[in-house]
Amino acid sequence: MPKRKNTAPARLGGVSAKENRPRDNARDDPYEKPTYDTIFSWSQSFENLMKNRSGQKFFAEFLKSEYSDENILFWQACEELKREKNAEKIEEKARIIYEDFISILSPKEVSLDSRVREIVNNNMNLRNEETDTRDSNSIVGF
């Protein structure tokens with residue numbers, strides 16, 4: 001593949017490989033400026049964008065400008081949930097995701113297909129019934 005001229009988009013700060021050095025204000029910004037090659041890889045694959053912390057930051061900024069930053073927050077919460085191993089924490093994180101992003105009363109409700117929302121609501125109701133039954137059995141056994 002021939003080497004491309006550095007024509008990174010201006011809205012990404014016109015970054016180049018030379019600018020990929022730590023900046024004086026690195027303490028204020030935990031993300032380094034990406035190289036042109038990194039930015040170009042984002043254009044080739046959305047997965048490349050989302051694997052990169054700086055890519056996530058730029059995408060989040062874009063979504064904020066479009067008044068839809070709840071989508072990346074939802075994705076990040078789901079990714080964190082996927083990495084969780086503790087069953088109790090999984091249940092708690094799932095409940096928080098539901099309350100924050102899926103419930104029609106949530107402050108950052110994401111747009112979901114009605115069929116998907118119905119499946120999630122039914123699953124949450126089943127979990128609540130199981131929890132209520134388990135709690136009732138604990139009380140009766142007491």
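This is a predicted model: local features need pLDDT of at least 70, side-chain atom pairs count only at pLDDT 80 or more; totals for chains, interfaces and linings use all residues.
Axes here are lines fitted to C-alpha atoms, for helices over the stretch in contact, and angles run from 0 to 180 degrees between N-to-C directions. Helices (H or I, at least four residues) and strands (E, at least two) are DSSP runs numbered from the N terminus.

Residues are numbered from 1 along each chain as its sequence is written, and side-chain values use heavy atoms, with hydrogens and water left out.

**The face between helix 4 and helix 5**

Show side chains for Glu70, Leu73, Phe74, Ala77, Cys78, Glu80 and Leu81 in helix 4, which meet Ile90, Lys93, Ala94, Ile97, Phe101 and Ile102 in helix 5; contact means heavy atoms within 4.5 Å. By class, this contact of helix 4 with helix 5 has 10 nonpolar, no polar and three charged residues, where Ala, Val, Leu, Ile, Met, Phe, Trp, Tyr, Cys and Pro count as nonpolar, Asp, Glu, Lys and Arg as charged, and the others, Gly among them, as polar.

**Helix 4 by itself**

At 1.5 Å a residue, the 14 residues of helix 4 should span 20 Å, and its end C-alpha atoms are 20 Å apart, which agrees; the expected span is 1.5 Å times one less than the number of residues. Within helix 4, colour Glu70, Ile72, Phe74 and Glu79, which are buried. Buried means under 20% relative accessible area, exposed over 50%, and partly exposed in between (1.4 Å probe, protein chains only). The buried residues of helix 4 pack against helix 2 (46-51), helix 3 (53-65) and helix 5.

**Across to helix 3**

Turn next to helix 3, which packs with helix 4 at an angle of about 145°, with their axes 8 Å apart. Here Gln56, Phe59, Ala60 and Leu63 in helix 3 meet Asn71, Ile72, Trp75 and Gln76 in helix 4, and the residues of this contact divide into five nonpolar, three polar and no charged. Helix 3 has 13 residues and reaches 19 Å from its first C-alpha to its last, close to the 18 Å expected at 1.5 Å a residue. Its buried residues are Ser54, Gly55, Gln56, Phe58, Ala60 and Leu63, and what covers them includes helix 1, helix 2 and helix 4.

**The nonpolar cores**

Select Ile39, Trp42, Leu49, Met50, Phe58, Ala60, Leu63 and Ile72 together to see the largest nonpolar core, which has eight residues. A nonpolar core is a set of buried Ala, Val, Leu, Ile, Met, Phe, Trp, Tyr and Cys residues joined through side-chain atoms within 4.5 Å. The elements that give two or more residues to this core are helix 1 (36-44), helix 2 and helix 3, and helix 3 gives the most, with three residues. A second, separate core of seven residues includes Tyr98, Phe101, Ile102 and Val110.

Centre the view on Trp42, which lies in helix 1 and counts as buried at 10% relative accessibility. Trp42 and Gly55 are 13 residues apart in sequence and 7.6 Å apart in space, C-alpha to C-alpha.

**Two loops**

In the loop between helix 3 and helix 4, pick Tyr67, which has a positive phi of about 55° although it is not a glycine. Tyr67 is exposed, with a relative accessible area of 74%. Asp69 is found in the loop between helix 3 and helix 4 as well, and Asp69 is partly exposed, with a relative accessible area of 25%. Leaving aside neighbours within four places in sequence, Asp69 is in contact with Ala60, Leu63 and Lys64.

Then move to Ser106, in the loop between helix 5 and helix 6 (114-141), which counts as buried at 9% relative accessibility. Ser106 touches Glu99, Asp100 and Phe101, not counting residues up to four places away in sequence.

**Zooming out**

With the whole protein chain in view, there are six helices and zero strands. Of its 142 residues, 24% count as buried.
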